[in-house]
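This report describes selected local features of the structure shown below, moving from strand pairing to helix packing and nonpolar cores.

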Amino acid sequence: MEARGDLRSILPYLPVVLRGGALFWPPPAQEAIKALALGPDVSRVSSGDVLADAITDLRLALNLDPLPRRAAEGLAIFFDDLLSRAQARDWFDHILPSLARLLLRLPTLLEDHYRSGGYQEESRGLRILGSQDGGIVLVSQELAAALLACALFCLFPTADRAQARLPPINFDSLFAALCNNSRQSQEQKVRCLVHYFDRVTASTPTGSVSFERKVLHRCPVSDSITYPDMDAWMKSGVPLCTFRKMRNKKPLKLTLQIDIWEEEHFPEAVCRYGSSFRFTGDYLDSKPFDAMGRRKTRIVAIDALDCPTRLQFESSGLIREVNKAFCGFLDQSNHQLYVKLVQDLNTKDSCASIIPDECIGVSTGNWGCGAFGGNPEIKSMIQWIAASQALRSYINYYTFESGSLKRLEEVTQWILLHRWTVGELWHMLVEYSSQKLGRETNEGFFTWLLPKDIPNDICLLSHIHG
């Protein structure tokens, strides 16, 4: 197992050690975890402040620094003040010992992970990816739960993470944020995670989950789509896909889902995001599993421009955002088929080779338009362009009653009526943005685009362009 490059890349960032071909906890840490696994009668951990002390002991056994003071205070606030007595008792009597037993299984779960696929499966093993390296990781849900338990107990080494440009992984900052008592969303995030641990300890998940990082290379690479430039977008003859404006007067019972690639689907319901994030209760996912044991649920995370103001109208900003969305929406697993289909569409050839049942759509919303301050009209069009170019069959767009998008359905129906292509809509978006930057117009994109004499009662069948 020492020969595996994927394991060697991530081992410095794991709390376990490799010796003699086997992974294991350092003996002092293993003894401390065993005590936690025996419950509060043995470990004496029955409150948040004592849990903080136990975590510090565990960290010291791994040659890590003590738990930060504010994180310790946050643990006490959450488990001793914010949880009810019944909830806290159940946590310390049952959930915490079960999590400790899960931690004891971590070395075995990791060994199974690296041995189950054989050496030819390094491309799916848990590993560190370099900058601009795409790849996929496939892990069991039980291993994912064990790794998250490590984060809860703040056991991941952090000394070299910044140098490797890795984001924080331990949960100490989440608990430390509770000390400010300024944002209820911090408590709600912790409640989501605590509920997750309740679920996975009550019934060990048996499926798998995959995570993929997608990359568009600026230079041609075999079996990969190249980063489209302005000219490529202008010349695209791909037809725009079906666009459905979704009206949701009540908060969604699920996290917003952009159907692009498999990720962990946490078993709870949440609504909104940012400072309005709330945990609203348990959720049971009834979606079927695929051949690899993954739920047929796909979620994509795409970073948008933060407070873009003028940049979102500049060519560089438009290209950045549309290519980010295109990269997320695109399925690169069948590169050759995609290239052929796009060539056919660009030459106005028949697209009968696209099988509708195999085309997965996109469910999205006001990406980058909340706390990040993006323009909802521009972002809705950018996502439509990107999804169409990625050959997605439809977009379900959740407006969350945004006042800026009152004319969204009117605009999309008018565009579909005229059978615009990706390139034609992109051209109009670029032209509008140029006028916006030059102060030639103060209108929103929708008002600027639509003819002034367009009938107010325009209504098209949803199957147009479908």
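Which residue of strand 9 does T364 stand opposite? The model is a predicted one, and in it T364 stands opposite Y397 of strand 9.

Three strands form an open sheet in the order 5-9-8, with parallel pairing, and its edge strands are strand 5 and strand 8, each of which pairs on one side only. Neighbouring strands of this sheet are turned against each other by 15° on average, when direction is ignored. Strand 5 (residues 242-246) pairs with strand 9 over five bridges; R244 has N396 as its bridge partner in strand 9, while K245 has Y397. Strand 8 (residues 362-364) is joined to strand 9 by three bridges, again in the parallel sense.

Strand 9 (residues 394-398) is largely enclosed by the rest of the structure, because five of its five residues are buried. Y394, N396 and Y398 point one way from strand 9, whereas I395 and Y397 point the other way, and all are buried. In a regular strand, side chains alternate between the two faces of the sheet.

Helix 14 lies across strand 5, strand 8 and strand 9, and runs at about 160° to strand 9.

## The buried side of helix 2

In helix 2 (residues 27-37), the buried residues are A29, I33, L36 and A37. They cover an arc of only 100° around the axis, which means that they are on the same side of helix 2. These buried residues pack against helix 3 (40-43), helix 4 (48-61) and helix 6 (85-104). Just after helix 2, G39 takes a positive phi of about 95°.

The largest nonpolar core has 67 residues, of which W25, L51, F79, W91, F153 and F197 touch the most other members. Helix 8 (residues 141-152) gives the most to this core, with 10 residues. Apart from this core lies another, of 54 residues, among them L216, C241, V300 and L330.

What does W91 contact, leaving aside its neighbours within four places in sequence? With those neighbours left aside, W91 is in contact with L51, F79, L96, P97, L99, L152, V194 and F197. In soluble globular proteins, nonpolar side chains tend to be buried together.

Notes:
Residues numbered from 1 in each chain as written. Predicted model: local features only at pLDDT ≥ 70, side-chain atom pairs only at ≥ 80, totals over all residues. Heavy atoms only, no water. Buried < 20%, exposed > 50% of the residue type's maximum accessible area, 1.4 Å probe, protein only. Helix = DSSP H or I, 4+ residues; strand = E, 2+ residues; numbered from the N terminus. Arc of directions from axis to C-beta. Contact = heavy atoms within 4.5 Å. Pairing = 2+ DSSP bridges. Core = buried A, V, L, I, M, F, W, Y, C linked by side-chain atoms within 4.5 Å. Axes fitted to C-alpha atoms, helices over the stretch in contact; angles between N-to-C directions.
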